[in-house]
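Subject: Two-chain model for you to look at

Hello,

Here is the structure I promised. Please open it alongside this note; my findings follow below.

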Amino acid sequence: MSVDPMSAASHPCFLCEAEGRKIYAALFGGEPPPVLLARFATAAKILNSTAPQAEVDRSTRALLASFDPEALELAVRLTRQLPLLTRKFRLMVYLAETLPENQVYFINGRSSLLRGLINIAGAVLRTAWKLPLGLWQLRRVPRG
Amino acid sequence: MADVIGRDSVEREIIIVGSGAAGTAAALQLARLGLRPLMLDVGIRPRENAPRAEGNLYEWHKHHDSFELHIGDDLHGLSDLLTGEAGIAKLNAPNAAFVVQDAVALSPIDATDFDAIQSFAFGGLANAWGAGLYRFVDADLEGFPIRAADLAPYADVLTREIGISGADDDLTPFFGDASGLLPPLRLSHNAAQVLARYQRARHKLRERGIFLGRPRVGALSVPYDSRPAVDYSNTEFWQDQPYLYTPALTLKKLIASGHLDYRPGVMVQRWEELPDRIVLHAIVLSTGEPVQFSCGAVVLAAGAIGTAKIVLCSAKDYATALRLLENPAVQIPFVLPTSIGRCLDTHCFGLTQLNLIWQPSTYGCTAQGSILEITSPMRAEFYGRFPLAARANLTLVREMLPAMLVMQLFFPGAIQPAAQLSLLQNGRLSIRGHPNVLGVRKLAPLLAAMRSLGMWTHALLIYKPKTGHAIHYAGTLPMHESPGRYECYPDGRLAGSKRVYIADSACFSALPAKNMSFGMMCNAMRVAEAAARLATECA
């Protein structure tokens, strides 16, 4: 079940690279490598072509206007809104993992039960903080 | 018999249709009998110059962009994400794309509640299998007109041909004779922890109907038959490896040695049985031209679905609905709390580490589980399954995944209402299935037992794959002592036909929970031998 990237080339998406920058910064911080950004834009166009245009527009508008995209993505995921935005975050994770310099974000290089538990506790606290922030941002996103 | 009887008509003693595990096993047995069958196959091959990771996946990835290996220029590795539909993770590997290439176009199916996976590749779906190879014992053959002893001689031959690693342990009563096995593979850290805990608590667990042990897997723990041993490189998801057996290895050997006449690019559609021979009507795919092949006996091994289609096409039967069995399954992720925060085990075998047999009173049957390491798939595969914020999920990927194992638990086909397969007037197949019926609550006794082994999970994390995603299809043309229409005799011959033999899982009378590949291959050899007897008598 492969996807033809060319089939989506006819759907112009001038904002895909801007979205890619925002999502990459939310996930990993900093600027994405150009090769990653180009791959994201290609795949994001296909994702856009599978969603209703209204969702594409709303998702892009919400993401680019958001001051905390990570919080916004959590909110839309938990409230089952804008699934396209969540899929774009997942897309960036897949693509980012292919780069050697990003392995540090995916693979634990040192063993420590204590550090692991502390990090997981921190992740839960981070989520608890991001959720209300995301819900507040989501309320400000115009519908339709 | 004459070899060529016309411009586009070829005559042989025996023709095998399909090159998957069953077709390959049939060809192997015919070669052992001194015959040189013709194999007709679509035969899609892997692409040349496919990307490969050299050595250990993680070591290689430290210095190489893995985009081509993991995702591919056509974004095949993102198929599930881009289409929004859950697929089979291993089939999403770019190097596995050929396994299901063109399948939808070549054999379209109108399906409800059944996601049928078909293959027209050289070597079939087994190119992407987990290589779990288990002998059928008598308990697995309940409802069949044959016994395990009927398959044993072929199992011995196949064990030598394949090179199967395993052990004589608590699972031997379920997996059969352990003689001829290579030593078991090295366990991952987590799997070794679980097995050690099982050894300490095995008496209590056995009383609860739970048995744990080493898998029998077609991966070489030691060099064998000019093939190298497993290198614990975590690459099993992403590329073929000489240490991991697939039927394509045997096929190549048979073709190279002149024991098999392999004809790719041909799709068999139906047969016509004459008094002294059988004529196969096929299409040459490159030109669309019809072609005929004539033989004394035909061994159908196009898969439970593909073989059933050929049978229905031959009968021009658009009314009958055949029963199609499939193993209902669940995937259960487990966390070993003591392994949280561990360094990822980057040097392990990326497929099945342990097997489990569960005899639950709640289901009244035997279920079989495969416990897998998740070091071979992309980490991103799991990111989206965690419920926290994006960066927090990445933290879980780093800290939790090294502490996780996944169990794929299969139940017998009888647990699930059988799907109905029929041929439509337009040539498409119709499959009407049923949603996966397994109830998570009924798994509670198993989950409690696994906690005693240090494996923790939650019911909300248990995933029920769509019906069809176990890719264990069987029973469309079942064997019976006294077969009726669309059933087989115990020797695999289709009732109502003198020259058609069913070698694949279509002829299964029932579908045990056990991974059927090895049992199917043994049976295919037995059926091929019966077909050979008929063909040589006719000759």
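Arg39(A) and Asp65(B) form a salt bridge, with their closest N and O atoms 2.9 Å apart. The term means a side-chain nitrogen of Lys or Arg within 4 Å of a carboxyl oxygen of Asp or Glu. The count between chain A and chain B is one salt bridge.

This is a predicted model: local features need pLDDT of at least 70, side-chain atom pairs count only at pLDDT 80 or more, and totals for chains, interfaces and linings use all residues. Residues are numbered from 1 along each chain as its sequence is written, chains are lettered from A and ligands numbered from 1 in the order in which they are written, and side-chain values use heavy atoms, with hydrogens and water left out.

**The interface**

Polar contacts link 25 residue pairs across the interface of chain A and chain B, both residues at pLDDT 80 or more. A polar contact is a pair of N or O atoms within 3.5 Å; within protein, one must be able to donate a hydrogen and the other to accept it, and residues adjacent in sequence count only if both atoms are side-chain atoms. On the side of chain A that touches chain B, H6(A) gives the largest share, 10 residues. Helices (H or I, at least four residues) and strands (E, at least two) are DSSP runs, numbered from the N terminus.

Chain A puts 50 residues into the contact and chain B 51 residues (contact: heavy atoms within 4.5 Å). Together they bury about 4300 Å², 65% of it on carbon and sulfur atoms. That area is the accessible area (1.4 Å probe) the two parts lose on being put together, summed over both.

**Asn56(B)**

Asn56(B) sits in the loop between strand S3 (38–40) and helix H2 (57–61) of chain B. Asn56(B) counts as buried because its relative accessibility is 9% (buried: under 20% relative accessible area, exposed: over 50%, partly exposed: in between; 1.4 Å probe, protein chains only). A polar atom of its side chain lies 3.1 Å from the backbone nitrogen of Glu59(B). A polar atom of that side chain also lies 2.7 Å from the backbone oxygen of Thr346(B).

**Strand S13(B)**

In strand S13 (residues 367–373) of chain B, seven of seven residues are buried. S13(B) pairs antiparallel with strand S12 (residues 352–358) over six bridges; pairing requires at least two DSSP bridges. Ile357(B) has Gln368(B) as its bridge partner. Six bridges also join S13(B) to strand S14 (residues 404–410), again antiparallel. There, Leu372(B) is partnered by Val406(B).

Best wishes
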